[in-house]
Amino acid sequence: LSSSSGLTHESHRKDVEQVYLRCSEGSIEWMYPTGALIVNLRPNISPASYKHLTVCIKPFKDSAGANIYLEKTGELKLLVRDGDRSPSRVYCFGYDQGGLFVEATPQQDISRKITGFQYELMSKGVAADLHTASAPCRPCSDTEVLLAVCTSDFVIRGSIQNVTNEAEEQESIIHVGVTKLYRQKSKVFQLTGESGNWRGQIKTLLECGVRPGDGDFLFTGRMHFGEARLGCAPRFKDFQRMYREAKDKGLNPCEIGPD
């Protein structure tokens, strides 16, 4: 978390402050914004790898007081307009497309404003998986499922207990009862209640039309801004068939107990 306050240079309303961030994910919070911030993302990896990175930012719900631009060689491209209230909107761009320039907008009372956003740096391949615009709801092929098992942030066997649709955010929340936990990067799925059952939530696009149904599924996906995002999710019996066929041919990319 990087935090800054515009009140420290109130008399210099055109000040430009440089911020350097070394983490691959985090957040910026700018209280009482005046002037501008240049946000330099400098992850602790080889500069030669920068061209393979995608940057995503997610403004806080109540973020206000500044416009956020993509800046490269002095040219500004507006990313987030002050006052834009698109809930849960995520803005992504290639690392080599430029840096972030956050400019305060004129305010009568700056003390009421806080500009803030979360950011994540990820490989372009992972970002493409999360933000596939062409066919985000299409079923995965057998090969894609088997690869997802090896590379996803979470892999679980479970059933759909309920689905909550959030029309404003254009998302569905899948409430999952976990039968078996193979892997999770963050503690999204946890033991709940006296029964000792594992449960958790996975988000996906509302347009995918997910509904509660009988039977177990293999849920895979990525963590994105602290939330589990759905990737491939075949019925579990179909996954068992895919896995056994690939194993018999020596083509499964990694070992996992399918039972």
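Reader: What do Cys150 and Cys254 form?
Author: A disulfide, with the sulfur atoms 2.1 Å apart. Keep in mind that this is a predicted model.

Reader: Where do the two cysteines lie?
Author: Cys150 is in helix α2 and Cys254 in the segment after α3, so the pair ties together parts 104 residues apart in sequence. The link is left-handed, with -100° about the S-S bond.

Reader: Is Cys150 buried or partly exposed?
Author: Partly exposed, at 23% relative accessible area. Cys254 is partly exposed too, at 22%.

Reader: How many disulfides does the count come to?
Author: Four. Another one joins Cys140 to Cys232, S to S 2.1 Å. Cys140 sits in the loop between α1 and α2, Cys232 in the loop between β16 and α3, 92 residues apart.

Reader: And Cys232, buried or exposed?
Author: Buried, because its relative accessible area of 9% is under 20%. Cys140 is partly exposed, at 27%.

Reader: What's the pairing in sequence order?
Author: Numbering the bonded cysteines that way, 1-2, 3-6, 4-7, 5-8.

Reader: New topic. What is the volume of the second largest pocket?
Author: About 300 Å³. The lining has 16 residues. Glu25, Glu120, Asp153, Lys185 and Met223 lie nearest the centre.

Reader: Which element gives the most to that lining?
Author: β10, with four residues. Domain 1 and domain 2 each supply at least three.

Reader: How do the lining residues divide?
Author: Six nonpolar, five polar and five charged.

Conventions:
Residues numbered from 1 in each chain as written. Predicted model: local features only at pLDDT ≥ 70, side-chain atom pairs only at ≥ 80, totals over all residues. Heavy atoms only, no water. 1 Å grid on protein atoms, 1.4 Å probe; cavity = no way out; pocket = protein on both sides within 12 Å on 5 of 7 lines; lining within 4 Å. Points joined across faces, edges and corners; volume = space filled by probe spheres on them. Nonpolar A, V, L, I, M, F, W, Y, C, P; charged D, E, K, R; others polar. Domains from an automatic or database assignment. Disulfide = S-S within 2.5 Å. Buried < 20%, exposed > 50% of the residue type's maximum accessible area, 1.4 Å probe, protein only.
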